[in-house]
Amino acid sequence: MKNNKRTLNQRKNTTQFQLTIRFISLLTSAVLILSIAIMGITAAELYESTEKQADLLEDSLKNSGAKEAKDWQKVLVKDTFSDDSLYLIHVQLNSGEVVYSSEDAKEIFQEFPQLKQFILFDRILWTSEVEPYYYTSFQKDETKVTILVDMENQFELIGRIFSLTIFITLAVIALGSLVTYRFSKKLSGSLVVMDEEINQLKVSDSKQQLTVPKTPQEVQNISKSFNQLLVKQRMYLKREQQFVTDASHELRTPIAAIRGHVNLIKRRGKSHPQVIPTSLDYIDKESKRLEILVEKLLLLGRLDTQFNMEQLDLSLIIQQTVDELNVMMPQDITITIETGIFVEGQAEHFYQIARNLLENAMKYTDISGTITVRLFSDEDTIQLIIEDSGMGIPDEEKTKIFERFYRVDQSHSSEISGTGIGLSIVKELVEKYQGKINVTDASPKGTRFTVEFINTHKNEDFFI
């Protein structure tokens, strides 16, 4: 018994069973929706037809000219409202006298207060014997006329349509289930293999892919498409992870600077109002740079995204970056920047390269130490050198410092601010411009970062 139950559960989990159930469910839903739509349209058409008949009768009675009971009796007899008529008329005169179109009408209207109203169509009433009637009334002078239209034939027609629809639905589902089962059985061979391979796939393994079968063509196309999607997914996942880490690191710096100046205004704004304009200017500048930085980080997250190249004064960018950080730099700094060095690219990219390297030097250098910044060019290259007299980097770790989250001297990482991805951002930006970055020891101690770009303007003169 247990084996049979286990076998049944295993079959329920097979691709063939799942495909069959899903196709049958889809087919059933489609047929049922179509059947309900047909019945709904038919019911609405019948209801509208009955409503039009009642309106025509109402117009006829309004134009009859009857006022007294005998006049109404003549009208009702003239219009042949007999016992087998579909129309049941109740006429109540101003004198209180009531005229009925037939004996059936008299019986129905005597139990009129007990009639039940249909939920969807408020003008359809039900008798105790579940007989449907369409209800309408009008006032002519001081005479009230109530009309009930027998809808039993209409509801019988709807019932027959419903029965026929159910039969057709069951037949279509049965036939569709058989066809679906045979199709899924034929298809499941390749899908079983695909399912097993998918379950064994690892997103982190860039070499794993699905086997592409020769037949059927649909599964072959699915396998190829899945493999293409897998490649894109891995690429997007890598970029997304990179973007998140880059964003968390790069956005923190301007936000911290803005908050620092806000706190400065709070602490010293009243006693030293002269700091307010400077801080507000800095906040405005940083907030604008933050906005630009967000846009550039979005571009940075997409490695293959093209960006507009602009002619930039690299000497000016490096000088402005140094001046910006110099106000918060406790170390001594030596600056040697050759003027008139131009590059093509985005100013924010070169700003981030210089700032991250300078901040790295500041973090790992004692306040009594020195930092050196040099920018120069020759006929072939442009070189930016940022050197510090800090703790230095062991040789075995020089190749690791550009890895994300890697920190030199892990024992003191909690004492030094940063997330360990600044240098990885520098390396990526340098490589975007086909440049190179090297790290060597400084003399007598410390670290030297050398960024080298190709000098594309070596034989050109620039006029500013």
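Modeller: This is a predicted model. Let us start with Glu 58.

Biologist: Why is Glu 58 called buried?

Modeller: Its relative accessible area is 12%, and buried means under 20%, so Glu 58 is buried. Glu 58 sits in helix H2, residues 15-62. Leaving out residues up to four places away in sequence, Glu 58 touches Thr 136, Phe 138 and Ile 147.

Biologist: How do you know that the length of helix H7 agrees with its number of residues?

Modeller: H7 has 17 residues, 252-268, and at 1.5 Å a residue they should span 24 Å. The end C-alpha atoms are 24 Å apart, so the two values agree.

Biologist: Which residues of H7 are buried, and what puts them on the same side?

Modeller: The buried ones are Pro 254, Ala 257, Ile 258, His 261 and Leu 264. They cover an arc of only 120° around the axis, and therefore lie on the same side of H7. The face turned away from that buried side carries Arg 259, Lys 266 and Arg 267, which are exposed.

Biologist: What makes up the largest nonpolar core?

Modeller: It has 38 residues, and those with the most contacts inside it are Ile 318, Phe 350, Ile 353, Leu 357 and Phe 449. Several elements supply at least two residues each, including helix H9 (314-326), helix H10 (347-363) and strand S13 (447-454). H10 gives the largest share, eight residues. Another core, of 22 residues, lies apart from this one and includes Ile 89, Val 91, Leu 93 and Ile 124.

Note on methods
Residues numbered from 1 in each chain as written. Predicted model: local features only at pLDDT ≥ 70, side-chain atom pairs only at ≥ 80, totals over all residues. Heavy atoms only, no water. Helix = DSSP H or I, 4+ residues; strand = E, 2+ residues; numbered from the N terminus. Buried < 20%, exposed > 50% of the residue type's maximum accessible area, 1.4 Å probe, protein only. Contact = heavy atoms within 4.5 Å. Core = buried A, V, L, I, M, F, W, Y, C linked by side-chain atoms within 4.5 Å. Expected span 1.5 Å × (residues − 1). Arc of directions from axis to C-beta.
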